Amino acid sequence: WVHRELRAFGLPMVVVETRHMRSSLSAMRNKTDRNDARGIASMMRLGWFRPVHVKCLENQKLHTLLANRKLLKRKLVDLENHIRGSIRTYGLRMGHVGRKGFEPRVRELMEGADLVLETMISTMLDVRRAVLEGFNKLHEILLKIVLHDPVCRRFMAVPGVGPIAALSFKVAVDDPHRFAR
């Protein structure tokens, strides 16, 4: 956001690769803010830096969408595995069920269980349902974006490339003109 705001004022901006700058600054003996500022100024003056491409705001938003969707999917799997493990302790086995049949199967297994166990598992199922709803909303947004994006649609013409891979690749590349080949 700093790059974007300073660029709006027309100031010249160079974003440098942080790992390269950090490794150069770590060679200094006294690590202080003042010495870091001097070291950065010296590196910039001598041209010993690697400039980094800053992605456009739209691609940053799409990257955030992909990251949020991935996080919710991971948490959904974690919750399902935790519920499976919790009821297995009491001799209840889920078997192979899909996403839609998961909650009904757990509720079926909970019939006749004691109140404490049923309350614990019911609470976990409520959390799972909320995470699943959030995941589904983000997934629908992602599909709508890909449907209306000509670049993603061209990527999806390649066999084996779906909407997530197409959008991920588009976001990662950002501006294809910055590559020589």
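Predicted model: local features only at pLDDT ≥ 70, side-chain atom pairs only at ≥ 80, totals over all residues.
1. Aspartate 36 touches Leu25, Met28 and Lys31, leaving aside residues up to four places away in sequence. Aspartate 36 lies in helix H3, residues 33–46. With a relative accessible area of 14%, aspartate 36 is buried, because buried means under 20%.

2. The length of H3 agrees with its residue count. At 1.5 Å a residue, its 14 residues should span 20 Å, and the end C-alpha atoms of H3 are 20 Å apart. The buried residues of H3 are Asn35, Asp36, Gly39 and Met43. These cover an arc of only 100° around the axis, so they sit on the same side of H3.

3. The face of H3 turned away from that buried side carries the exposed residues Asp33, Arg34, Arg38 and Arg45. On the buried side, the cover includes helix H2, residues 18–25. After H3 comes glycine 47, with a positive phi near 80°.

4. Helix H4 can be checked in the same manner. Its 32 residues should span 46 Å at 1.5 Å a residue; the end C-alpha atoms of H4 are 47 Å apart, which agrees. Buried in H4 are Asn59, Leu62, Leu65, Leu66, Arg69, Leu76, Leu79, Glu80, Ile83 and Ile87. Helices H5, H6 and H8 (163–173) are among what covers these residues.

5. The loop between H4 and H5 contains glycine 95. Glycine 95 is partly exposed, at a relative accessible area of 42%. How far apart are glycine 95 and arginine 34 in sequence and in space? In sequence the separation is 61 residues, and in space it is 62 Å, taken from C-alpha to C-alpha. Arginine 34 is one of the exposed residues of H3 listed above.

6. Helix H5 covers residues 99–110. Phe102, Glu103, Val106, Leu109 and Met110 are the buried residues of H5. They are on the same side of H5, because their arc around the axis is only 130°. Their cover includes helix H4 (57–88) and helix H6 (115–148). H5 is followed by glycine 112, which has a positive phi, near 90°.

7. How do H5 and H6 pack, at what angle and with what distance between their axes? The angle is about 170° and the axes are 11 Å apart. H5 is therefore roughly antiparallel to H6, since angles over 145 degrees count as such. By class, the contact of H5 with H6 has 7 nonpolar, 1 polar and 7 charged residues.

8. The residues of that contact can be named. From H5 come Arg99, Phe102, Glu103, Val106, Arg107 and Met110. In H6 they meet Leu117, Glu118, Ile121, Ser122, Leu125, Asp126, Arg128, Arg129 and Leu132. Of the H5 residues, Phe102, Glu103, Val106 and Met110 are also among the buried residues of that helix.

9. Aspartate 174 deserves a look in the segment after H8. Its phi is near 65°, a positive value in a residue other than glycine. Is aspartate 174 buried or exposed? At 17% relative accessibility, aspartate 174 counts as buried.

Terms used:
Residues numbered from 1 in each chain as written. Heavy atoms only, no water. Buried < 20%, exposed > 50% of the residue type's maximum accessible area, 1.4 Å probe, protein only. Helix = DSSP H or I, 4+ residues; strand = E, 2+ residues; numbered from the N terminus. Arc of directions from axis to C-beta. Contact = heavy atoms within 4.5 Å. Axes fitted to C-alpha atoms, helices over the stretch in contact; angles between N-to-C directions. Parallel < 35°, antiparallel > 145°, perpendicular 65-115°, else oblique. Nonpolar A, V, L, I, M, F, W, Y, C, P; charged D, E, K, R; others polar. Expected span 1.5 Å × (residues − 1).
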